[in-house]
Amino acid sequence: MPNIYNDKILILDFGSQYSQLIARRIRDIGVYCELLPYDVSSHFIEKFKPNGIILSGGPDTVSQTNSARAPDIVFKLNVPLLGICYGMQTMAVQLGGDARSAEKAEYGFAQIRARNHSSLLNNISDEINPDGHGLLDVWMSHGIEVTKLPPEFKVIASTNNCEIAGFENPKKQYYGLQFHPEVTHTKQGIQILEQFVTHICQCEKNWTAENIIDELIEKIKYQVGNKKVLLGLSGGVDSSVVATLLHQTIGEQLTCVFVDNGLLRLNEGDEVMNTFAENMGLKVIRSNAQQQFYKALSNENDPEMKRKIIGRAFIEVFDHEAQKFKDIKFLAQGTIYPDVIESAGAASGKAKVIKSHHNVGGLPENMKFELVEPLKELFKDEVRTIGMKLGLPEKMLYRHPFPGPGLGVRILGEVNEDYADILRHADHIYLEELNKHDLYNKVDQAFAVFLPVKSVGVTGDERRYDYVIALRAVETFDFMTARWARLPHDFLDHVSNRIMNEISRVSRVVYDISGKPPATIEWE
């Protein structure tokens, strides 16, 4: 079995919204990589032994005194280096060049000319101009540009507005790109990154689903041995893949606890039990804790407080169930790599908290379990691929995201059982019709929201004064930005009529046409 960690790339994050995309692209190429804050210790970087290093973009202004800088160790390791946007600018400044405010900032699509033959851009172009220059359609996002090359560097790309849109030092194998190759808007971006990773850094493509599964199984066997493991099973993608992987690896040593908090989708609790306990033969304990959650959430309107209450209640219920087992040694969790990245960012003070993480954390210290987190090095798309290889149904793995607090953050304001039941049925009608009309897989996330306001309606000859349901559907690639989905008007009309006819407590249905930004995808 090949060593999937032998060839690897280190990505130093300067705070770009696209940093995780860089890592996902490198993984897609088939090479292992890690994403870490730019100020990680020099000792770690040296010990990591990367085949190459990528410096990400970021929000800092490189010409300002206290702006972020790449650690000096990256220039001493004699490995290839690629700076993207801010990463290119700080490379230039640190190596004896300069970067200043651009005469004309560039945000959006641009076309670059490959000025000189470069090992990074060689044979990569969208078209060739009459002068023989390769032309690339790329995505720019900068107000600062490199104005002076460092010694021994040459220009490899230009635009009409940016003379130095790319540079290289061929002897040292240092490269800089002012544009973002990691985003889909840069058509040849994946080819550029692959050229850097496989041809320049000489990495072999050993990061494959089959190799990853083999490695995970070996790690689990080594860590767990013949001891018993407890897993909190939510029915979501991450915990489902962990449950399946552990079951196939250690069998009867695994016990799952499924906490039904009353904030799940219609019939979801029964579906989880049917899938894992009945069809797959896992040992699953179901804890029906709906009333405990409703009681804890009563009279609370603040979204952040609701998240914390749901998190605490989950921990209390899970802890109560765990106490029933006296011989459990390990606790398994569905932690994935973005959770690790965000936690690292929060710990270093470089990540702003927009809202508490959807996943539940902070298990009590007195549980005294060792953690088993087999997916903690994987992105969500990698988890889904692993799940497919393990035999989980595609419908389960590729269904739309559902927040950890469930319907608790799709009921605006106070949460109670009546509101949850109304929303559960409205959401079910909406998703059922999306599937019937072959629209579910054409949007990236769709759901219903309960609004705690009443609206006048008419049923027969009677006026009614009841609640409002909002429908949301978005199209997005990375969930960092999104546009509202242009669902057919006839479809929306049909769904609206079904909801109001079948749910007596709903008198009005509205459709959310807000993009992200400025809105977020979820309402709370």
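Visitor: Hi! How many helices and strands are there in the chain?

Guide: Hello! This is a predicted model, and the chain has 14 helices and 19 strands.

Visitor: And how compact is the chain for its length?

Guide: It is as compact as a globular protein of that length, because its radius of gyration is 26 Å, close to the 24 Å that the globule rule gives for 524 residues. Along the principal axes, the C-alpha trace spans about 75 × 65 × 40 Å.

Visitor: What share of the residues count as buried?

Guide: That would be 54% of the 524 residues. As for the surface, the chain exposes about 24100 Å², and carbon and sulfur atoms supply 48% of that area.

Visitor: Of the contacts with a separation of 6 or more, what percentage comes from residues 24 or more positions apart?

Guide: Such pairs account for 76% of those contacts.

Visitor: Let's turn to the sheet of 5 strands. What is the strand order?

Guide: The order is β13-β12-β11-β14-β15, in an open sheet with parallel pairing. β13 (284–288) and β15 (370–372) stand at the edges; each has a single partner strand, so one side of each is left without a neighbour in the sheet. From one strand to the next, the twist averages 30°.

Visitor: How many bridges join β14 to β15?

Guide: There are 3 bridges between β14 (residues 328–332) and β15, and the two strands run parallel. To pick out a residue there, Leu-331 has Leu-371 in β15 as its bridge partner.

Visitor: Which strands does helix α7 touch?

Guide: Helix α7 (residues 268–279) packs on the sheet and touches β12 (254–260) and β13. The direction of α7 makes about 170° with that of β13.

Visitor: New topic: Glu-433. Where is Glu-433 placed?

Guide: You'll find Glu-433 in helix α13, which covers residues 417–436.

Visitor: Is Glu-433 buried or exposed?

Guide: Buried: its relative accessibility is 2%, and the cut-off for counting as buried is under 20%.

Visitor: So what does the side chain of Glu-433 make a polar contact with?

Guide: The partner is the side chain of His-494, at 3.3 Å.

Visitor: Which residues does Glu-433 touch, not counting those up to four places away in sequence?

Guide: Glu-433 touches Phe-491, His-494, Val-495 and Arg-498 on that count.

Visitor: Great, thanks!

Terms used:
Residues numbered from 1 in each chain as written. Predicted model: local features only at pLDDT ≥ 70, side-chain atom pairs only at ≥ 80, totals over all residues. Heavy atoms only, no water. Helix = DSSP H or I, 4+ residues; strand = E, 2+ residues; numbered from the N terminus. Buried < 20%, exposed > 50% of the residue type's maximum accessible area, 1.4 Å probe, protein only. Polar contact = N/O pair within 3.5 Å; in protein donor to acceptor, adjacent residues only side chain to side chain. Contact = heavy atoms within 4.5 Å. Pairing = 2+ DSSP bridges. Axes fitted to C-alpha atoms, helices over the stretch in contact; angles between N-to-C directions. Rg over C-alpha atoms; globule rule 2.2 N^0.38 Å. Areas by Shrake-Rupley, 256 points an atom, 1.4 Å probe, with all protein chains shown as cover.
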